[in-house]
Amino acid sequence: MGMVADRKTNGRNGEGRYSWGFGSLIRRKQVDSVHLRREGRTQLARKLSAVDLVAIGVGATVGAGVYILVGTVAREHSGPALTISFLIAGIAAALSAFCYAELACRCPSAGSAYHYTYICVGEGFAWLVGWALILEYTIGSSAVARGITPNLALFFGGEEKLPAFLARHTIPGLGVVVDPCAAVLILIVTMLLCIGIKESTLAQTIVTTVNVSALLFIIIAGGYLGFKTGWIGYEIPSGYFKFGVNGMFTGSAIVFFSYIGFDSVSSTAEEVKNPQSDLPLGIALALSICCILYMLVSVVIVGLVPYYDLDPYTPISSAFASYGVQRAVYIITAGAVTALCSSLLGSLLPQPRVLMAMARDGLLPSFFSDINECTLVPVKSTITTGVFAAVLAFFMDVSQLAGMVSVGTLLAFTTVAVSVLILRYVPPDEVPLPSSLQKSIDTLSSRCSDNIQEINNNNLKDLAGSFGSKGDALLRNPLIEKGVVAQDVQKEQMRRKIAAWTIALLCIGVLILASSASAEFLPSILRFTLCGVGGVLLLCSLIVLACIEQDDARHGFGHTGGFICPFVPFLPAACILVNTYLLIDLGAATWIRVSVWLVIGAMVYIFYSRTHSALLNAVYVPSAYANEIYRSSSASVA
């Protein structure tokens, strides 16, 4: 108790201790949903159910990629084992889904991975994640919109037969190909998102239903043809694993990106009626449905046509055409168009909420945090992101920047897994309070100091009674009881230090292992040595984390009673390893482009966000006393 009082007394000294230098990178905020209710701000409308979340997750995940990836990956990497590649990728995606599910239940507010990282890791890392997600959603939505035009043209008999106001045109002298259809579609989706979350989710449900129906047609009709003809695609002399196990895993790494999108569910956490139960259910069902659909489609298509005969651009349509089912191309094209539309909606939905969360925290102008009182959605953020994405899609062919989309998602997946480890072993034990509450903090600190002696005496009497005849010795030596308490506190502090350093070493080990495994240009001896060093660090860190106890404070952190991630620390560690490897494996060209964006973000943070942060002058106090301080402040005002 005495140490708690000391920490409270030092609350004034804590003011601004994270304001300057590297300290600002690690200052952490409290769970937003509680904080917002205390300040009485307008929140997003809680209207979404588990069914709505499944529609958002499936719609954002099952894009047109499956209509193309099946042919490319089967021909070049997996062969007939494409189904297993999808299964392995689905399991890898499930690792991140488990981590998202726990954090979404504990911290059900807008912002997704940015929000979780700010609470568990720190402001600087959260800014990095949020800035990368802005890039991902902007380029992703523009790329998806650009892909709709050629697919839509198939219904008109080719791009040259499209209406003039939808067809692509080349600006004379500049060589820039503009795409009005892509821009118009983005603006339509933006207006739909401004109407309300329930209305836009209804549209997402309808479009996703059409897309899933097209995939079911492929599975059922293709299965009928397969059983009728004997699945000739599997009757090849090279066997099931044509490219070996390595080819199968390479294919898994490629098709893993077809599972990106389920994290859109967590971005709507503040708009879910029952987040503790519906969020994990929505994430789990969305990912499971996507995995099952991908696997069944790959089973059918690879079975209908030998993998080496699949068309790399239109594998599904050409597979049905080889059996004389020409009309199936219209159903498949309708599925591809609706898949792109649902992906577009899934890309534009989360970005305004990330911007809103960052603006709430002071890292972006307050303009982005405004919520419309009629529709209860961030209209200003939605319009801003929609217009910017429409302009980008109109003037630029962003297909070359598609690799940059993956950086934001993989970075978010990695930091979310690290956040789960921090939450379990070293959860935040201090809460940032506004400097306006300094008087209440000082009052409570003074009261605690005055009561220390009385409390200690009572504790001594109770403790002496429990020891019987030995209690007299304890009463004669009051320092013994204080020593016991101090020893327990020191043990807990030591456990937290060991856990924190172990998590840091685990991340370093993963980075060394993933980097050396991807560095094929290194000499074999150096490469294997680095892999060994990284593997040893990772293994030793896991052993230490498995042996030490998790923090008891995790049971009361955030909102309790929701989903709990299993197999900690092993599952989050596997998630960190998989996503870090995929991040490094994106290639130098992608990272050079991303680095430009990240440098711009660093400049914005240094010259604006750091000095406008809501935590700039915050006073940090022990978490157990935050509610008491708020009650004391309310009482004094009354």
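## Contacts, cores and salt bridges in a predicted model

Apart from neighbours within four places in sequence, Cys-107 is in contact with Val-31, His-115, Tyr-116, Ile-119 and Phe-557, where contact means heavy atoms within 4.5 Å. This is a predicted model, in which local features need pLDDT of at least 70 and side-chain atom pairs count only at pLDDT 80 or more, while totals for chains, interfaces and linings use all residues. Residues are numbered from 1 along each chain as its sequence is written, and side-chain values use heavy atoms, with hydrogens and water left out.

Cys-107 sits in the loop between helix H7 (82-106) and helix H8 (112-120). Helices (H or I, at least four residues) and strands (E, at least two) are DSSP runs, numbered from the N terminus. Cys-107 counts as buried because its relative accessibility is 0%; buried means under 20% relative accessible area, exposed over 50%, and partly exposed in between (1.4 Å probe, protein chains only). Between Cys-107 and Pro-275 there are 9.3 Å in space, C-alpha to C-alpha, although the two are 168 residues apart in sequence.

**The chain as a whole**

The protein chain has 26 helices and 4 strands. Of its 638 residues, 52% count as buried. Among the contacts in the protein chain with a separation of 6 or more, 85% are between residues 24 or more positions apart. The chain exposes about 27300 Å², of which carbon and sulfur atoms supply 67%; accessible areas come from the Shrake-Rupley method with a 1.4 Å probe, and for residues only the protein chains shown count as cover.

**Nonpolar cores**

A nonpolar core is a set of buried Ala, Val, Leu, Ile, Met, Phe, Trp, Tyr and Cys residues joined through side-chain atoms within 4.5 Å. The largest one has 152 residues, and those with the most contacts inside it are Tyr-67, Tyr-100, Ile-301, Phe-320, Leu-344 and Leu-506. Helix H19 (residues 402-425) gives the most to this core, with 15 residues. Apart from this core lies another, of 8 residues, among them Val-431, Val-619, Val-621 and Ile-629.

Leaving aside neighbours within four places in sequence, the contacts of Tyr-100 include Ser-112, Ala-113, Tyr-116, Phe-262 and Asp-263. Ser-266, Ile-283, Ala-412, Phe-413 and Val-416 are also in contact with Tyr-100.

**Salt bridges**

The structure holds 13 salt bridges, each being a side-chain nitrogen of Lys or Arg within 4 Å of a carboxyl oxygen of Asp or Glu. Three of them are listed here.

| Glu-123 | Arg-27 | 2.9 Å |

Glu-123 forms a salt bridge with Arg-27. Glu-123 lies in helix H9 (residues 123-153) and Arg-27 in the loop between helix H3 (23-26) and helix H4 (32-39), so the pair ties together parts that are 96 residues apart in sequence. Glu-123 is buried, with a relative accessible area of 0%, and Arg-27 also counts as buried, at 0% relative accessibility.

Asp-179 is in the loop between strand E2 (176-178) and helix H10 (180-195), and Arg-168 is in the loop between H9 and strand E1 (169-171), 11 residues apart. Asp-179 counts as buried at 0% relative accessibility, whereas Arg-168 counts as partly exposed at 30%.

Asp-429 is partly exposed, with a relative accessible area of 34%, while Arg-496 counts as buried at 16% relative accessibility. Salt bridges that share partners join Asp-429, Glu-492, Arg-495, Arg-496 and Asp-551 into one network.

Helix H16 (residues 328-348) and helix H17 (residues 350-360) pack at an angle of about 5°, with their axes 4 Å apart. Axes are lines fitted to C-alpha atoms, for helices over the stretch in contact, and angles run from 0 to 180 degrees between N-to-C directions. H16 and H17 are therefore roughly parallel to each other; angles under 35 degrees count as roughly parallel, over 145 as roughly antiparallel, 65 to 115 as roughly perpendicular and the rest as oblique.

Thr-580 is in helix H24 (residues 570-584). Thr-580 is buried, with a relative accessible area of 10%. Leaving aside neighbours within four places in sequence, Thr-580 is in contact with Thr-414, Val-510, Leu-511 and Ala-514.
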